[in-house]
Amino acid sequence: MLANPLVSKCLQARDMAYCPYSRFPVGAAILTADGAIITGCNVENASYGLTVCAERTAIQRAVVEGHRRFTAIAVTCDIKDSFVGPCGACRQVLMEFGSDWTVYLTKPDGSYKETSLSELLPLAFSPAHLGKN
């Protein structure tokens, strides 16, 4: 097991991805404020627009389990030569639960680059903006 359990869990989740169309497996693991790790993988659909990304699967699972506060997420795919971040839609969904996330962009070999959600989505729209109209 890798030294960072969040990274290890996202790699395991990637192996569970259902991606018969893109053949692009993605895994995510979220660390809740109380220390639980919740995983997700991408789940594709023949009607492509209904595909759900790994990050959103993990968030949805966490919410169902009663979690609303998060501190970190690790994401991975099969690209070996660069660090790949969440898509724009996933960044916005993560922002719904706060901007103070540590993000581990993880390669298949377990190496990772640490960044933050606020770095990945600067000047983000957030729930706080809804009260300002």
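I started with what sits over the buried residues of α3, and the cover includes α2 (54-64), β3 (70-76), α4 (117-120) and α5 (127-130). This is a predicted model, so I keep that in mind for every entry below.

Which residues of α3 are buried? I looked along the helix, residues 88-95, and found Cys90, Arg91, Leu94 and Met95. They fall on the same side of α3, because their arc around the axis is only 145 degrees. I reminded myself of the helix rule here: with 3.6 residues a turn, residues three or four places apart point the same way.

**The largest pocket**

Next I went to the largest pocket, which holds about 190 Å³ of space. I get 16 lining residues, and the closest to the pocket centre are Phe24, Val26, Glu55, Gly85 and Cys87. Which elements give two or more residues to that lining? I find α2 and β3. Both turn up in my first entry too, as part of the cover on the buried residues of α3.

I then sorted the pocket lining by residue type. I have nine nonpolar, five polar and two charged residues there.

**Aromatic pairs**

I find four aromatic pairs in the structure, and I wrote up two of them.

For Phe70 and Phe97, I read 5.5 Å between the ring centres and 85 degrees between the planes, so I call this pair edge-to-face. Phe70 belongs to strand β3, while Phe97 is in the loop between α3 and β4 (102-106); at 27 residues apart, they link distant parts of the chain.

Phe97 comes out at 24%, so I note it as partly exposed.

The second pair is Tyr104 with Tyr112. Their ring centres are 5.1 Å apart and the planes stand at 90 degrees, so this pair is edge-to-face as well. I checked accessibility here too: Tyr104 counts as buried at 14%, whereas Tyr112 is partly exposed at 38%.

Methods
Residues numbered from 1 in each chain as written. Predicted model: local features only at pLDDT ≥ 70, side-chain atom pairs only at ≥ 80, totals over all residues. Heavy atoms only, no water. Buried < 20%, exposed > 50% of the residue type's maximum accessible area, 1.4 Å probe, protein only. Helix = DSSP H or I, 4+ residues; strand = E, 2+ residues; numbered from the N terminus. Arc of directions from axis to C-beta. Contact = heavy atoms within 4.5 Å. 1 Å grid on protein atoms, 1.4 Å probe; cavity = no way out; pocket = protein on both sides within 12 Å on 5 of 7 lines; lining within 4 Å. Points joined across faces, edges and corners; volume = space filled by probe spheres on them. Nonpolar A, V, L, I, M, F, W, Y, C, P; charged D, E, K, R; others polar. Phe/Tyr/Trp six-rings, centres within 6.5 Å; stacked < 30°, edge-to-face > 60°.
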